[in-house]
Amino acid sequence: MNGAIKKGLGFGLTSSVITTLGLMIGLHSSTHSRLVVIGGVLTIAVADSLSDALGIHISEEAETKNTQKDIWTATISTLFFKFIFAISFLIPVLLLPLDYAIITSIAYGLILIALFSYYISKEEHIKPYKSIGEHLFIAIIVIILTHYLGILINLLF
């Protein structure tokens, strides 16, 4: 896989999973509204995908070793993967009761992170359990924090 595409896939996947799950869980915990969660996911899929693609673009431009082709490949692949993975979280929200959709989304997101972490660790010749454990730990911290933040917001407002 092309390095610029791999960069877009890795960044797009992990960023979309963490950001979308965090937003979904926080919104669910504070509102328990399917419509609000759907609106949040759609907003993340569009706004955050464009924002992250621009961030990758500028970051890649700052590295003088990158060609224009590599810069644009990383930019477009980040936009594409971030959008696709973020929007994919709508499927359980549209098909399942909201509480089950949130649980399903958490499982789906953690599986995506674990699979990509496994892939990267094998490519880098490092032990997969360390990489997977580290990345899942960070994702779980985000899930816990955003859940309690949502509850706090609900209590305060």
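Ser29 touches His147, Gly150, Ile151 and Asn154 when residues up to four places away in sequence are not counted, a contact being heavy atoms within 4.5 Å. Ser29 is found in helix α1, where helices are DSSP runs of H or I with at least four residues, numbered from the N terminus. With a relative accessibility of 5%, Ser29 counts as buried, since buried means under 20% relative accessible area, exposed over 50% and partly exposed in between, for a 1.4 Å probe and protein chains only.

This is a predicted model, in which local features need pLDDT of at least 70 and side-chain atom pairs count only at pLDDT 80 or more, whereas totals for chains, interfaces and linings use all residues. Residues are numbered from 1 along each chain as its sequence is written, and side-chain values use heavy atoms, with hydrogens and water left out.

Helix α5 covers residues 98-124, and its 27 residues should span 39 Å at 1.5 Å a residue, which agrees with the 38 Å between its end C-alpha atoms; the expected span is 1.5 Å times one less than the number of residues. Its buried residues, among them Leu98, Ile102, Leu112, Ile113 and Phe116, pack against α1 (3-31), α2 (34-62), α3 (68-88), α4 (90-95) and α6 (128-156). After α5 comes His125, whose phi is positive, near 60°.

Helix α3, with 21 residues, reaches 30 Å from its first C-alpha to its last, close to the 30 Å expected at 1.5 Å a residue. The buried residues of α3 include Ile71, Phe81, Lys82 and Phe85, and what covers the buried residues of this helix includes α1, α2, α4 and α5.

Leaving aside neighbours within four places in sequence, Leu13 is in contact with Gly8, Phe85, Leu112, Ile113 and Phe116.

Aromatic rings of Phe, Tyr and Trp (its six-membered ring) pair if their centres lie within 6.5 Å, with planes under 30 degrees apart counted as stacked, over 60 as edge-to-face and the rest as tilted; by this rule there are four aromatic pairs. The rings of Phe80 and Phe81 have centres 5.2 Å apart and planes at 70°, so this pair is edge-to-face. Phe80 is partly exposed at 47% relative accessibility, whereas Phe81 is buried at 17%, and ring pairs link Phe80, Phe81 and Phe85 into a cluster.

Notes
Helix = DSSP H or I, 4+ residues; strand = E, 2+ residues; numbered from the N terminus.
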